[in-house]
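Subject: Handover of a structure and notes on its features

Dear colleague,

Please find the structure below, followed by an account of what was found in it. I would be grateful if you could read the notes with the coordinates open.

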Amino acid sequence: MDNFFNSLKRKKTDRVFNPWFDLDFENDIDKSSPQQRLNNLKHYFDERINAEYLLVAEALGYQGGHFSGIPMTSERIILGHKSDLGILPTHVSNSVLVRTSKINIKKYGFTEPTATIIWQKLIESKLDTRKFVFWNAFPWHPYDSSDGILSNRTPSDVEIKEGERVLVELLGFIKFKKVIAIGNKAEAILQNLDLNVEKVRHPANGGSKKFR
C-alpha cells in the first residue's frame, strides 16, 4: 500500500492539481489541507483492502476528490449533507473525514452529481460499499487555466499514460474480482492496459438512468 500512496506524488505542473500533496492557495482552509485529504484517502482504503470491485472514471473533479481527497466523493457526502438521500459519511469510512475547503466557498461543501448518483445507487441496492473502490484513470485533477482551478478539463493522452503507473500499483495491492469502466473514455483507457473490463454508462449528461 505504501508504494501506491507514493505513486500519487508527482512533479507539480500547470493545469494539474494534486489534492494529496498540493495546496490550493485560493480555496483550502489552511496548509494542513493536503495532509488531511491524504488521511481521508488512507481511511477510505484501510477499510477496502478486501474490496472486490473497482469502478474507474476518467479524472478527478473539482467538486469531488479535489477537496474530499476521495475519488467520486464530494465533501457534502463526507460532511453528512447528503443524508436526505440515504448517503452517510459512514458509507465512505467509519473514521472521521475532514473538510478541507473554506466554508465561504460552499457553506456545506461542494457536491458532485456523479458522486451522488453512484453512492446512492450502491446504497439503495443494499450493496456493501466496502466491496467497492472508486478510482480515476488520471487520478489527479486536471483544470483549465483560463477558467481557474475550480474547473475541469479532459486529461491529455500523455497525462493518461502517467496515470497508468498509479492504476498498476492499485491493482497490485488489491485483488479485484471485476474492473468496471464508467463511460467510454474510461473503457478505452483500461482496455489499453489489456484489462478485462465491463462498462456502464457514465451518469453525466443525461446518463443517470442507464447507469443505474
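How many residues does the largest nonpolar core have, and which of them have the most contacts inside it? The core has 51 residues, and those with the most contacts within it are Y44, F45, L54, F134, W135 and L170. A nonpolar core here is a set of buried Ala, Val, Leu, Ile, Met, Phe, Trp, Tyr and Cys residues joined through side-chain atoms within 4.5 Å. Buried means under 20% relative accessible area, exposed over 50%, and partly exposed in between, with a 1.4 Å probe and protein chains only.

Please note that this is a predicted model, in which local features need pLDDT of at least 70 and side-chain atom pairs count only at pLDDT 80 or more, while totals for chains, interfaces and linings use all residues. Residues are numbered from 1 along each chain as its sequence is written, and side-chain values use heavy atoms, with hydrogens and water left out.

F134 illustrates the packing. Leaving aside residues up to four places away in sequence, F134 touches Y44, L55, P71, M72, T73, I118, W119 and L122; contact means heavy atoms within 4.5 Å.

Strands and their pairing

Helices (H or I, at least four residues) and strands (E, at least two) are DSSP runs, numbered from the N terminus. Strand β5 covers residues 178-182 and is mostly covered, with four of its five residues buried. On one account, β5 pairs with strand β2 (residues 53-59) in the parallel sense over four bridges, and Y53 has K178 in β5 as its bridge partner. Two strands pair if DSSP finds at least two bridges between them. Strand β6 (residues 197-200) also runs parallel to β5, joined to it by four bridges, and the partner of V179 in β6 is V197. Together, β5, helix α8 (residues 184-192) and β6 make a right-handed β-α-β unit. Right-handed means that, with the strands pointing away from the viewer, the path from the first strand over the helix to the second runs clockwise.

Aromatic rings and charges

A search of the whole structure finds 14 aromatic pairs. Rings of Phe, Tyr and Trp (its six-membered ring) pair if their centres lie within 6.5 Å; planes under 30 degrees apart count as stacked, over 60 as edge-to-face and the rest as tilted. F4 and F5 form an edge-to-face pair, 5.2 Å centre to centre with 65 degrees between the planes. F4 counts as buried because its relative accessibility is 1%, and F5 counts as buried at 7%. Y62 and F110 form another edge-to-face pair, at 5.7 Å centre to centre and 80 degrees between the planes. This pair links distant parts of the chain, 48 residues apart: Y62 is in the loop between β2 and α3 (65-68), and F110 is in the loop between α5 (89-92) and α6 (113-124). Y62 is buried, with a relative accessible area of 18%, and F110 counts as buried at 5%. Ring pairs also link F4, F5, W20, Y44, F45, W135 and F173 into a cluster.

Two charged side chains sit over rings. The charged end of R10 is over the ring of W140, 5.1 Å from its centre, and K42 lies over the face of F5, at 5.4 Å from the ring centre. The criterion is that NZ of Lys or CZ of Arg is within 6 Å of the ring centre and within 35 degrees of the ring normal.

Backbone and loops

Most residues other than glycine have a negative phi. M72, however, has a positive phi near 50 degrees; M72 is in the loop between α3 and α4 (75-78) and is buried, with a relative accessible area of 5%. K126 also has a positive phi, of about 60 degrees. K126 lies in the loop between α6 and β3 (132-138) and is exposed, with a relative accessible area of 76%.

Yours sincerely
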